Amino acid sequence: MSPTERTAWTSLGVGLSVLALKGAAWWLTGSTALFADMLETVVNVAAASAALAAVRYSAMPADDNHPYGHAKVEYFSAVLEGALILVAASMILQEAYQAWFRLRAPDQPALGLALSAVATLINATWATILRRRGKRLGSPALVADAHYLMSDVVTSAGVILGVGLVTATGILWLDPLLAAATAVMILFSGARLLRESVGGLMDEAVHTEDLTNIRGLVSTQAEGAIEAHDLRTRRAGRITFVEFHLVVPGAMTVAEAHVICDRIEAALKEALGSAVITIHVEPEGKAKHSGVVVL
């Protein structure tokens, strides 16, 4: 089992544990806000399941029908998770609206809040770990799952505050009001995640700092060439695709040009991790003097 898949399985286990705690908190208190919090965790478990399926499928090797591999499927999982966040927020808003017209004080609030606080602490800890691992492993699905978990933490914190204030002050309308406020906050989180995931599906270029690093490596490792132009990049899950034209002196042999290409590819793969490099070699008459100048 790969580290990415093992992490996805752990995330699903954490989600089920948190769901059990939040379900118990709602059952004990009858709080609308805690019920909404539990609903979001149900969606979280569904999202973790989707992330696990995407991670397992993306690990499949390239085949005749998918010569570039299956890594891009993780973006579909990330899009699904973004959509699920929006669905969860809508469900919470609907429940908060209905609860506004049937206000009630929560039962056994101390025990319910304690269970919810433990669940929130588990989510916050795992979300931090998951985000770090997802970025290190280059897994959009795991990063998306971490974003979703952190939005769940924000929601839970608002819910705990709301139920605590209701218990302390007796102002019953604070319960649905704070549930609605946290739902609005996670709407923004879901929208941001959708935008980033769709960018991956649309072959968006790598981030500016990564592109600068790529240009610098090509410039310093292409000694003997003249320039590199028409540089294009994109990411598909944990794989970075880089392609460009390398202009070499007209008298240079194919073997000499091949040595330069090998040197560039080795440096890029060391810096980027999983990468597919495509270099088109051209004679000096093709120089555009507008690309990466070789140092």
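Entry 1, largest pocket. I sorted the lining of the largest pocket by residue type and got nine nonpolar, nine polar and nine charged residues. The model I am reading is a predicted one. I then looked up the volume of this pocket, which is about 770 Å³. Its lining has 27 residues, and those closest to the pocket centre are Tyr75, Pro140, Val143, His207 and Arg235. Next I noted the elements that give two or more residues to this lining: helices H3 (73–100), H4 (109–137), H5 (140–169) and H6 (174–201). Which helix gives the most? I found that H6 does, with six residues.

I read off a volume of about 180 Å³ for the second largest pocket. H4, H5 and H6 each supply at least two residues of its lining. Among the lining residues I wrote down Arg131, His147, Met185 and Arg192. By type, this lining divides into seven nonpolar, three polar and two charged residues.

I looked in UniProt, where an unreviewed entry lists "transmembrane region" for several spans, including 149–171 and 177–194. In the model, residues 149–171 are 91% helix and 0% strand, with end C-alpha atoms 29 Å apart. Residues 177–194 are 100% helix and 0% strand, and their end C-alpha atoms lie 26 Å apart.

I turned to strand S2 (residues 239–248) and strand S3 (residues 275–283). Do they run parallel or antiparallel? They run parallel, and nine bridges join them. I found Val242 opposite Ile277 in S3. With helix H8 (residues 254–272), S2 and S3 make a right-handed β-α-β unit.

Definitions and conventions
Residues are numbered from 1 along each chain as its sequence is written. This is a predicted model: local features need pLDDT of at least 70, side-chain atom pairs count only at pLDDT 80 or more; totals for chains, interfaces and linings use all residues. Side-chain values use heavy atoms; hydrogens and water are left out. Two strands pair if DSSP finds at least two bridges between them. Helices (H or I, at least four residues) and strands (E, at least two) are DSSP runs, numbered from the N terminus. A crossover is right-handed if, with the strands pointing away from the viewer, the path from the first strand over the helix to the second runs clockwise. UniProt positions are given in the numbering used here, feature names are shortened, and annotations may be inferred rather than shown by experiment. On a 1 Å grid over the protein atoms alone, a cavity is a set of points where a 1.4 Å probe fits but cannot get out, and a pocket is an open set with protein on both sides within 12 Å along at least five of seven lines; lining residues have an atom within 4 Å of a point. Grid points are joined across faces, edges and corners, and a volume is the space filled by probe spheres set on the points. Ala, Val, Leu, Ile, Met, Phe, Trp, Tyr, Cys and Pro count as nonpolar, Asp, Glu, Lys and Arg as charged, and the others, Gly among them, as polar.
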